[in-house]
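Trainee: I am new to this structure and would like to learn how to read it. Could we go through it together, beginning with a single residue and its contacts?

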Amino acid sequence: MKFRFLFPAFGGFLYGYDIGATSGATISIESSTLSGTTWYNLSSVQVGLVVSGSLYGALIGSVLAFTVADFLGRRRELIVSSLLYLVGALLTAMAPSFAVMVIGRFLYGIGIGLAMHAAPMYIAETAASQIRGTLISLKEFFIVLGMLFGYIASSLYVDLVSGWRYMYVSSAPIALIMGIGMWWLPSSPRWLLLCSIEGRVRLQDVRETAIHCLCRLRGQANESLASAQVEEILDEFSYVNEEKRATFVEIFQGKCLKALIIGAGLVFFQQITGQPSVLYYAASILKSAGFSAASDATRVSVLLGLLKLIMTGVAVLVVDRLGRRPLLLGGVSGIAISLFLLASYYTLLKSIPVLAVIALLLYVGCYQLSFGPIGWLMISEVFPLRYRGRGLSIAVLVNFASNALVTFAFSPLEVLLGTGILFALFGVIALLSLIFIFFIIPETKGLTLEEIEAKIL
């Protein structure tokens, strides 16, 4: 039943909402008349902590996921992340001081790190192979939907006294729904079987539970199909010694090393092709291109959010029909073209402002068709089950770390090289990522996770 996968996807919604809401919260909290606090006069470092506090927390959450993911399991990790989302949102919204607000931002960010790790893994391990791509891409759709709701909340509350408090507290009900929903959903059958292989529980005790969970998640009345898939999963473990747990060294060897190169490499290129910078600087790109409407940052953000939502929706609909590689190759080609167009505008064609706007829209659209949903989809598919928890946590850590690197490096590099040269550099990196995708990224359309491990890795 597809609606069951909405609850883990809410983890993505709350991540996106934070990005959108924070864009307006910083305006509200720094206003002497609308902040509603005595500590509104924030330094640039303090503003950076408000904006990036959740990103720092997400980095911590990704590291925590490496150590606790296989112990907690996918379902309980998502329950913990929903509690962190809830506590972080309430603490931030009701903060009596700047220090308490930062603590709230960090807690919320840890929730992001855990949710971005567990949500794609839970969906991948419980969805049928024919619709797995659609359902995991749905999480990216929810991230974009959350961003759009965050931008809308910003525009609604930005003119109210203490409006930033309303922006942050609005995410609390969704966190509560996510937690209740994940409590109701069963555990991942593959995780239950992994526990038996590692000797934490007896196989006889979890086999029937795994079959029941799979039937419940797939909506299957006939247990024979679920039983056959459970046996297929166990067959993949036939080469593993009983009660043998994956060691840290094994993560960087054999099949898992190949999966790391595929997954971590893809999310690394996802970020260093300039995605954080192009989106974060979208309003200034439009403003410098001569569009007066760009002075209204929230209006521009809402329009870009709508475009992102539409293009992500297209990717969700076609990913299981067209496959992963065609979307990546086509979308990243468009990204490279758009970045060279932006470079041309800033260096040679300043008299044609519409060129920058076309390039920006092309970039956003192509990103949401390719890197946006497919990056998260691939990292949830390629890791062998024994290493999936730890391997995916490394990939998520690479994602957030490279996001932080590009975000923080953009301004000094812009001063050093100039905007045009910097976008050209991003364009060259996009071409390199195309080579990486062509030679390294496999096609996983229609394959079960066990078939991916057996045939591709």
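Mentor: Gladly! Let us start with Ile394, which touches Phe66, Ile251, Phe252 and Leu260, leaving out residues up to four places away in sequence. Please keep in mind that this is a predicted model.

Trainee: Which helix does Ile394 lie in?

Mentor: Ile394 belongs to helix H18, which covers residues 388-417.

Trainee: Is Ile394 buried or exposed?

Mentor: The idea is to compare the relative accessible area with a cut-off, and buried means under 20%. Ile394 has a relative accessible area of 18%, so it counts as buried.

Trainee: What share of the chain's contacts with a separation of 6 or more comes from residues 24 or more positions apart?

Mentor: Such pairs make up 83% of those contacts.

Trainee: Now the whole chain, please. How many helices and strands does the chain have?

Mentor: There are 20 helices and 0 strands. The radius of gyration is 22 Å, close to the 23 Å that the globule rule gives for 457 residues, so the chain is as compact as a globular protein of that length. Along its principal axes, the C-alpha trace spans about 65 × 50 × 40 Å.

Trainee: And what percentage of the residues count as buried?

Mentor: Of the 457 residues, 61% count as buried. As for the surface, the chain exposes about 17,500 Å², and carbon and sulfur atoms supply 69% of that area.

Trainee: How many positive and negative side chains are there?

Mentor: The chain carries 31 positive and 26 negative side chains, and the centres of these two sets lie 4 Å apart.

Trainee: Which residue has a positive phi although it is not a glycine?

Mentor: That is Ser162, with a phi of about 60 degrees. Ser162 sits in the loop between helix H5 (132-157) and helix H6 (163-169).

Trainee: What does Arg216 touch, not counting residues up to four places away in sequence?

Mentor: Arg216 touches Arg4, Trp184, Leu185 and Pro186. Arg216 is found in helix H9, residues 203-218, and is partly exposed, with a relative accessible area of 27%. Its C-alpha atom is separated by 7.8 Å from that of Pro186, 30 residues away along the chain.

Trainee: One more residue: where does Gly446 lie?

Mentor: Gly446 is in the loop between helix H19 (419-440) and helix H20 (449-455). At 43% relative accessibility, Gly446 counts as partly exposed. Setting aside neighbours within four places in sequence, Gly446 is in contact with Ser129 and Glu451.

Trainee: How far apart are Gly446 and Tyr56?

Mentor: They are 390 residues apart in sequence and 36 Å apart in space, C-alpha to C-alpha.

Note on methods
Residues are numbered from 1 along each chain as its sequence is written. This is a predicted model: local features need pLDDT of at least 70, side-chain atom pairs count only at pLDDT 80 or more; totals for chains, interfaces and linings use all residues. Side-chain values use heavy atoms; hydrogens and water are left out. Helices (H or I, at least four residues) and strands (E, at least two) are DSSP runs, numbered from the N terminus. The radius of gyration is taken over C-alpha atoms; the globule rule is 2.2 Å times the number of residues to the power 0.38. Buried means under 20% relative accessible area, exposed over 50%, partly exposed in between (1.4 Å probe, protein chains only). Contact means heavy atoms within 4.5 Å. Accessible areas come from the Shrake-Rupley method with a 1.4 Å probe; for residues, only the protein chains shown count as cover. Lys and Arg count as positive and Asp and Glu as negative; His and the chain ends are not counted. The place of a charge is taken as NZ of Lys, CZ of Arg, CG of Asp or CD of Glu.
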